[in-house]
Amino acid sequence: NMKSAIIAALIGSAAAFAPAQNKAATTALNAFEDELGVQPPLGFFDPFGLLSGDVTQERFDRLRYVEIKHGRIAQLAFLGQIVTRAGIHLPGNIDYAGNAFDSFPNGVAALIGPDSIPFEGQGQIIAFIGWLEIAFMRDVPGTGNEHVGDFRNGYIDFGWDDFDEETKLQKRAIELNNGRAAMFGILGLMVHEEIVPLGYDADLPIIGHL
């Protein structure tokens, strides 16, 4: 229940300040304080202690890989919310029964609820995402990728090779921060949508009423 969750959160917060953790936390800080994404005002921010202790560069790269990918997905999700709530949908019907794309609700309600997309449609979406994951959204060794999250794999460029190193770092930092913001943004939209039935229908920036 909610009381148990609050108690668990308080215990976890207290554990973050335990003296026995200080040496391990300092070691992690020294090892990764110069990594991309460590910037003011938070600096090296690891509230869950994922980099505490003797953490290898491989472990950090894996976490960064996941962070970048989730950030990209969240950016697409947030953009999808803006587009569909602005009344822009794919033309035509989603199935042979004559159900139009714009006949389904936006947001979480499109996946869960009485008017949601049928399971067959959701299955196709999941299969498509899986195909992208296997075929494109991965780092292929030996194709000249420069950093974690570089999925060009030797066939996509868009002018990246023409940038100097400073510009590349700047653009990577922008993507990382936009992804972090989008993860909070899409989570916030999902939460707001679920609390509307409780009587709280906020007029959100850009999105408006859910």
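Predicted model: local features only at pLDDT ≥ 70, side-chain atom pairs only at ≥ 80, totals over all residues.

Residues are numbered from 1 along each chain as its sequence is written, and side-chain values use heavy atoms, with hydrogens and water left out.

**Pockets and cavities**

Both kinds of space are found on a 1 Å grid over the protein atoms alone: a cavity is a set of points where a 1.4 Å probe fits but cannot get out, while a pocket is an open set with protein on both sides within 12 Å along at least five of seven lines. Lining residues have an atom within 4 Å of a point. A volume is the space filled by probe spheres set on the points, with grid points joined across faces, edges and corners. For lining classes, Ala, Val, Leu, Ile, Met, Phe, Trp, Tyr, Cys and Pro are nonpolar, Asp, Glu, Lys and Arg are charged, and the others, Gly among them, are polar.

| Space | Volume | Lining by class |
|---|---|---|
| Largest pocket | about 1900 Å³ | 29 nonpolar, 9 polar, 5 charged |
| Second largest pocket | about 940 Å³ | 17 nonpolar, 5 polar, 4 charged |
| Largest cavity | about 60 Å³ | 4 nonpolar, 1 polar, 4 charged |
| Second largest cavity | about 50 Å³ | 3 nonpolar, 3 polar, 4 charged |

The largest pocket has 43 lining residues, with Leu76, Ala77, Leu111, Ile125 and Ile129 nearest its centre. Two or more lining residues come from each of α3 (57–85), α4 (119–135) and α5 (165–195). Helices here are DSSP runs (H or I, at least four residues), numbered from the N terminus. Helix α3 gives the most to this lining, with 11 residues.

In the second largest pocket, 26 residues form the lining, and Phe45, Asp46, Pro47, Glu67 and Arg180 are closest to the centre. Again α3 gives the most, here 6 residues.

There are 2 cavities of 30 Å³ or more. The lining of the largest cavity includes Arg64, Ile68, Arg72, Glu175 and Leu176. Around the second largest cavity sit Glu67, Gly71, Gln75, Gly179, Arg180 and Met183, among others.

**Helix α3**

Helix α3 has 29 residues and spans 42 Å from first to last C-alpha, close to the 42 Å expected at 1.5 Å a residue. The expected span is 1.5 Å times one less than the number of residues. Buried residues (under 20% relative accessible area; exposed is over 50%, partly exposed in between; 1.4 Å probe, protein chains only) include Phe60, Arg64, Tyr65 and Ile68 in α3. Just after α3, Gly87 has a positive phi of about 90°.

**Salt bridges**

The structure holds 10 salt bridges. Each is a side-chain nitrogen of Lys or Arg within 4 Å of a carboxyl oxygen of Asp or Glu.

Glu67 pairs with Arg180, with the closest N and O atoms 2.6 Å apart. Glu67 lies in α3 and Arg180 in α5, so the pair ties together parts 113 residues apart in sequence. Glu67 is partly exposed at 22%, and Arg180 is partly exposed at 24%.

Asp161 bridges to Arg152 at 3.1 Å. Asp161 is partly exposed at 47%, whereas Arg152 is buried at 13%.

Glu165 and Lys168 meet at 3.9 Å, N to O. Both lie in α5, 3 residues apart, about one turn of the helix. Glu165 is exposed at 56%, but Lys168 is buried at 7%. Shared partners join Glu146, Asp150, Arg152, Asp161, Glu165 and Lys168 into one salt-bridge network.
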